[in-house]
Structures are given as structure tokens and as C-alpha cells.
Amino acid sequence: MRTRPLLAALALSAAAVLPLAAPAAAHGDSVHLDLTGQQNGHVSTVATWENDHDLVTEEFAGTLSATAADGRAVGPWRLVAVPGRPGTYTTRELLPAGHWRVTVDCAFPSLGHAEREFDVEAAAITDPAPLGLSTESAPTPVTAAATTATPAHETTDNATTWAAIGTATAAVLMVAAGFWLRRRTRG
């Protein structure tokens, strides 16, 4: 007889926790990458979630590679966040002048892939920092020999924060319900 109320409390607690996990899964399981253009040799891409088209503002690890019409190849270069433009990523390196087939891939927070061709003019090196990065804050370039991708930046969106708070609250309520049932069956 003691297990029936305990199982009922466990089922009720599980039912309370399951809806809290839904916001995390709402984005879907793949990232849509859109190569939006190039400016002064820096190719930019916008990352959105495939299912709901929200901007990817979580930790992001992606690379860019390119092959020229004459056979030259560059990359993989790490994609970095563009300050002030959530979900937009570029490289620190400049793409040389020429006709390029550009490929971007995302490995984290989920898989994504895109390709597009660009004609790149010779870059004017008046501002060597990519798209809004000041020269003081521009980190050193990542070489092609790097084998591990690191997140470009670390942020947490509101849905993730509220899901964590809800899960913690549900866990505390489950423990409290267990103690209450235990005390009730003893008394």
C-alpha cells in the first residue's frame, strides 16, 4: 500500500517536469546557415534554427572553407560572432580576390551546412578588423592546423534559463512530495 501513493507522487512530479523541457526542444535538431554576402573579403553567414527560425545565439562552433575557380583553397577558418549582430558570424581572415565557392559548416550547437559562390574584389586594408571588431579586440587568427573547434562566444538565452529554473524547482518539489508522503504513511 505504501508504494501506490509514492508511485502517484512520482508520476505527478514527472508530469510537472516534462513540459519544462519542451522549450529546449522547440528549436529543432539542425541549424540553417545562410551565406548572406561578403564585405571587404569577409564572408558573413546568419545562423538560425531550422524549425522556428530563431537566431542561434547559444555557443557556436563553425568553420568556413573556400575553393577558387583557379584551384586555390583556403580554410577551414573558424567562424566568430559579429558584435552587435546576434546570430551573424564571419571569419577573422580575408578571402583573397577571385571567384570562390564558399562552404560553411556548423558542428555546435547542432549540425548545419551551406554553400554559395562569391566574386570577391581585392580588399582595401584600411580596416583589417572584420565587420565591427576593433583592432584592440580582434583576437589572433586561428590557423588551418587547429583541429578542435571552440565556441565563438558564450551566451544563454531566456528559454534555457527558465528551463533550468523550472527543472530545479520541479526537482525540489519532487523531493518535498517524497518527504511528505513518507511522513504521511508513517503517521
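Two residues are in contact when heavy atoms of one lie within 4.5 Å of heavy atoms of the other. In the predicted model described here, Leu-111 touches Ser-30, Val-31 and Cys-106, residues up to four places away in sequence being left out of account. Leu-111 belongs to the loop between strands S7 and S8. Exposure requires a relative accessibility over 50%; Leu-111 reaches 61% and therefore counts as exposed. The C-alpha atoms of Leu-111 and Asp-29 are separated by 7.7 Å, although the two residues stand 82 residues apart along the chain.

In general, the strands of a sheet pair through backbone hydrogen bonds, in either a parallel or an antiparallel arrangement. The sheet in question has four strands in the order S4-S3-S7-S8, and the pairing is antiparallel. Its edge strands are S4 and S8 (residues 112–120), each of which pairs on one side only. On average, neighbouring strands of this sheet are turned by 20° against each other when direction is ignored.

The pairings within this sheet can be followed strand by strand. Strand S3 is joined to strand S4 (residues 73–78) by four bridges, and the two run antiparallel. S3 and S4 also form a hairpin with four residues between them, and Gly-71 in the turn has a positive phi of about 100°. Strand S3 is likewise joined to strand S7 (residues 98–108), here by eight bridges and again in the antiparallel sense. Thr-67 takes part in both pairings: its bridge partner in S4 is Ala-73, while its bridge partner in S7 is Arg-101. Val-102 in turn has a bridge partner in S8, namely Arg-116. Strands S7 and S8 run antiparallel and are joined by nine bridges; they form a hairpin with three residues between them.

A further open sheet, also of four strands with antiparallel pairing, has the order S1-S2-S6-S5. Strand S1 (residues 31–39) and strand S5 (residues 80–81) each have a single partner strand, so one side of each is left without a neighbour in the sheet. Strand S5 pairs with strand S6 (residues 88–90) in the antiparallel sense over two bridges. In this pairing, Val-80 stands opposite Thr-90 in S6.

A pair of aromatic rings is described by the distance of the centres and the angle of the planes. One aromatic pair is counted in the model. Planes under 30 degrees apart count as stacked; the rings of Phe-60 and Tyr-89 have their planes at 15° and their centres 3.9 Å apart, so this pair is stacked. The pair links distant parts of the chain, with Phe-60 in the loop between strand S2 (residues 42–49) and strand S3 (residues 61–68), and Tyr-89 in strand S6, 29 residues apart.

Methods. Residues are numbered from 1 along each chain as its sequence is written. This is a predicted model: local features need pLDDT of at least 70, side-chain atom pairs count only at pLDDT 80 or more; totals for chains, interfaces and linings use all residues. Side-chain values use heavy atoms; hydrogens and water are left out. Two strands pair if DSSP finds at least two bridges between them. Rings of Phe, Tyr and Trp (its six-membered ring) pair if their centres lie within 6.5 Å; planes under 30 degrees apart count as stacked, over 60 as edge-to-face and the rest as tilted. Axes are lines fitted to C-alpha atoms, for helices over the stretch in contact, and angles run from 0 to 180 degrees between N-to-C directions. Buried means under 20% relative accessible area, exposed over 50%, partly exposed in between (1.4 Å probe, protein chains only).
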